[in-house]
Amino acid sequence: MSTARTALVIGGGIAGPVAAMALHRAGIEAVVHEAHRGPADGVGGGLGLAPNGLSALGLVGAEEAVRDIGIPVPAMVMRSWTGKELARFSSADGSPIMHTVWRSDLYRALCDTAERAGVKFVYGTRLKSLQENGSSVTASFVDGTSATADILVGADGVRSTVRGIIDPGAPGPSSTGLVGFGGWSSAKIPHTDGAMNFVFGKRAFFSYTVEPSGRVGWFANLPRKAHMTIADTQAVGMDKWLRLLEDTFTDDRVPAVQILRGSSPDQCVTTGTLEIMRPAPRWHRGRVVLIGDAAHVPSPSSGQGASQAIEGAVHLARCLRDLPVDQAFRAYEGLRRDRVERITTAAERTNRNKAAGPVARVLRDLTMPPIMRLFAKPDQLAWQYDYRIDWDAPVS
Ligand SMILES: Cc1cc2nc3c(=O)[nH]c(=O)nc-3n(C[C@H](O)[C@H](O)[C@H](O)COP(=O)(O)OP(=O)(O)OC[C@H]3O[C@@H](n4cnc5c(N)ncnc54)[C@H](O)[C@@H]3O)c2cc1C
């Protein structure tokens, strides 16, 4: 197969715009097709961008734009339900260990930066099917339009249509057994020096931070066996969830209840059941390749979903810059699969601790403090956070 000159990118979330910018940098013209009518249409909640993700954004000229909208987090502190500090993670040089950012702001910043770099977006075009011939691939959209290019990049997220087309038997995402909530609170609690606190509570998981402005940001993961869509959780009503969360955290010696009482329902979001998907068995077929959540969903507990989507998008462009299409796709998978496997495995462990039942919880509370004392050293996260991509290194 020859090298690619043009690309269709399906999905204008996080991986899509980054891939398009990286492809442009690699000399490949890319057009992004997004199902929604505009950037950030209907996306809520926040996420933490890790230093490895931010660094990869630097390679496509988007790091500054994202830093501008992010809140730097200097440290992460793990706590037990007693409030006891189990471990503290911060960077050796004092730089932020992550940036929290509103998802909608991030999507918009990436799309704006990509558009300024010359990437074309076509909104309201939902991929329906695709057809490959010897030297190109044609995408057909629900609105009746179509487009053709040398390759097609599936950046269409966790429920990827492209994944289903290249491998109809591919397993989809599964439930972590946790339902997600988050919001802002006007509670007056002692400041945390910007640190993000992660509390393995008696019955659920709670995270909070106090911003420099004094505003408190929080999120909670509530164990729930039944799968709930966002619509399901919204139908319950946020006021009811807030009361349930207050009850859930009532025995934990952290300011969770105070924070929840200071939150009004309209300042909160629910994300439904949180999902996880081990890296898909097949990442490419012919002229079609998957990136981001379409290929792997390490679950929100990894704190790496967006950062891995960004790293993968940049690596894919490097591979396509240097190699014919078929070899480029193989090289891309070779560079990525082990890393996302490892990150997903670590997140599965965290999810089990968050969703521990009564017996497992007793065991967890007994074993976690000594394990954290022994192993939770600041450099434990170095393999994730210190990862850097050398754009100029040739891919062979
Ligand atoms: C509650 C929650 C918290 C999270 N917290 C973190 C965190 O702290 N840190 C972190 O790094 N990650 C986090 N993540 C994960 C992160 O959001 C994802 O990994 C990331 O958004 C993946 O980017 P993506 O571009 O692959 O997919 P998406 O961001 O989902 O983008 C996919 C895009 O494709 C479009 N699309 C879908 N189907 C089609 C189609 N057929 N045709 C055209 N367009 C289509 C969609 O409209 C969407 O815009 C979290 C996720 C959740 C749910």
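Predicted model: local features only at pLDDT ≥ 70, side-chain atom pairs only at ≥ 80, totals over all residues.
**Stop 1: the ligand.** Select the ligand and the residues around it. There are 31 of these residues, and Ala15, Glu34, Arg103, Tyr107 and Ala306 come nearest. Colour the shell by residue type: 11 of its residues are nonpolar, 15 are polar and 5 are charged.

In Arg103, a polar side-chain atom lies 2.7 Å from an oxygen atom of the ligand. Asp293 also has a polar side-chain atom by a ligand oxygen, at 2.8 Å. In Thr161, an N or O atom of the side chain is 3.4 Å from a nitrogen atom of the ligand. The ligand taken alone exposes 1000 Å², and the protein buries 84% of that.

**Stop 2: the elements around the ligand.** Select β2 (29-34), β3 (46-49), α4 (103-116), β17 (268-276) and α9 (305-322). Each of these supplies at least two residues of the shell around the ligand. Which element gives the most to the shell? It is α9, with 3 residues.

**Stop 3: helix α7.** Select residues 238-248, which form helix α7. Its buried residues are Met238, Trp241, Leu242, Leu245, Glu246 and Thr248. Look down the helix axis with these residues shown. They cover an arc of only 160° around the axis, so they lie on the same side of α7.

**Stop 4: two loop residues.** Most residues other than glycine have a negative phi. The next two selections have a positive one.

Go to Asp193, in the loop between β13 and β14 (196-200). Asp193 is not a glycine, yet its phi is positive, about 55°. Is Asp193 buried or exposed? Its relative accessibility is 60%, so Asp193 counts as exposed.

Then go to Ser299, in the loop between β19 (288-290) and α9. Ser299 is not a glycine either, and its phi is positive at about 75°. With a relative accessible area of 4%, Ser299 is buried.

Definitions and conventions
Residues numbered from 1 in each chain as written. Heavy atoms only, no water. Near = heavy atom within 4 Å. Polar contact = N/O pair within 3.5 Å; in protein donor to acceptor, adjacent residues only side chain to side chain. Areas by Shrake-Rupley, 256 points an atom, 1.4 Å probe, with all protein chains shown as cover. Helix = DSSP H or I, 4+ residues; strand = E, 2+ residues; numbered from the N terminus. Nonpolar A, V, L, I, M, F, W, Y, C, P; charged D, E, K, R; others polar. Buried < 20%, exposed > 50% of the residue type's maximum accessible area, 1.4 Å probe, protein only. Arc of directions from axis to C-beta.
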